[in-house]
Amino acid sequence: MQIAVLGAGSMGHGIAQVSAMAGHEVVLRDIEETLVEDGLDGIRENLQGGVDRDKVTESEMQATIDRIEGTTDLADAVADADLVVEAVPEDMDLKKEVFADVEDATDEETVIASNTSSLSVTEMASALDRPERAVGLHFFNPPHVMDLVEVVIAEQTDDRTEAFAIEYVRGIEKEDVVVRDSAGFATSRLGLATGLEAIRMVEEGVASPADIDEAMSLGYGHPMGPIELTDHVGLDVRLHIAEHLREELGERFRPPQMLRRKVRAGKLGKKTGEGFYVWEDGERVGTSGDWGGADE
């Protein structure tokens, strides 16, 4: 299968990687050459990490790299694609514009998917002349590690597109859950509710971020607690999703003031070196000054 991934950031290059590892030919596209190269470098780093941990062989790494090419030309990227997955920023107008541009440059049988974590796939599909070929493919970060893909069925999605999406997900050795298009779908809605409540608990002095995370990891078996997950996802991303769900679903998704303050201060989590925790070289080394102590 020929696959185009639009957006070479952490999600986009991860989707490109897992698709290529499954044997698909992949084109990774972004708007600037430096962004494309950064995405390709990210794939190489991920694969080398797999080799170092004996999860990936040298030959598998090279074969995967050989199946991926990068470009800044959208029309070239999608021209021969059976599946196009957009992983551009979470902005509805931008995503609708990308959907329309992809339709103009592809065969009418090409499936057009969004990796959105919360925005309406039904609204995105409305930008298409043939909206029945639109579907959501919500990967989780990082895509090469996380097993789940949420298949989001828009109001217009037809049976062929749904079956195609499920077959693709299973073919890249991921687990699919199928949900109808609704604000936040299943995973973002539930995950955000937990994350926002955990931040409120920190704000109210109930417990430290580290203790809340440990409680959820040890008590409920979560691989990562809700505060640390917020740092991984990005506090700005969490705030944006919360605002969207508040608009769609009501005041129970109102963002805590602590989240707003940190975003205003540029403390966005792992990607900036500080959020609720302090990060160095991608590793958690302490708790942010709001709690003032070393990470325990």
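In this predicted model, V5 stands opposite L28 in strand β2. The pairing behind this position joins strand β1 (residues 2-6) to strand β2 (residues 25-29) in the parallel sense, over 5 bridges.

Both strands belong to an open sheet of 8 strands, whose order is β3-β2-β1-β4-β5-β6-β7-β8 and whose pairing is mixed. At the edges stand β3 (68-71) and β8 (175-180); each has a single partner strand, so one side of each is left without a neighbour in the sheet. From one strand to the next, the twist averages 25°.

A further pair is formed by β9 and β10, which make a hairpin with 2 residues between them. In this turn, D281 has a positive phi of about 50°.

| Strands | Residues | Sense | Bridges |
|---|---|---|---|
| β1 and β2 | 2-6 and 25-29 | parallel | 5 bridges |
| β9 and β10 | 277-280 and 283-287 | antiparallel | 4 bridges |

The report now turns to the side chains. L28, the residue opposite V5, is also among those with the most contacts inside the largest nonpolar core, together with L83, L137, F139 and Y168. This core has 33 residues. Which residues does Y168 touch, not counting residues up to four places away in sequence? They are M1, I3, I15, S19, H24, L83, L137 and F139.

Methods: Residues are numbered from 1 along each chain as its sequence is written. This is a predicted model: local features need pLDDT of at least 70, side-chain atom pairs count only at pLDDT 80 or more; totals for chains, interfaces and linings use all residues. Side-chain values use heavy atoms; hydrogens and water are left out. Two strands pair if DSSP finds at least two bridges between them. Axes are lines fitted to C-alpha atoms, for helices over the stretch in contact, and angles run from 0 to 180 degrees between N-to-C directions. A nonpolar core is a set of buried Ala, Val, Leu, Ile, Met, Phe, Trp, Tyr and Cys residues joined through side-chain atoms within 4.5 Å. Buried means under 20% relative accessible area, exposed over 50%, partly exposed in between (1.4 Å probe, protein chains only). Contact means heavy atoms within 4.5 Å.
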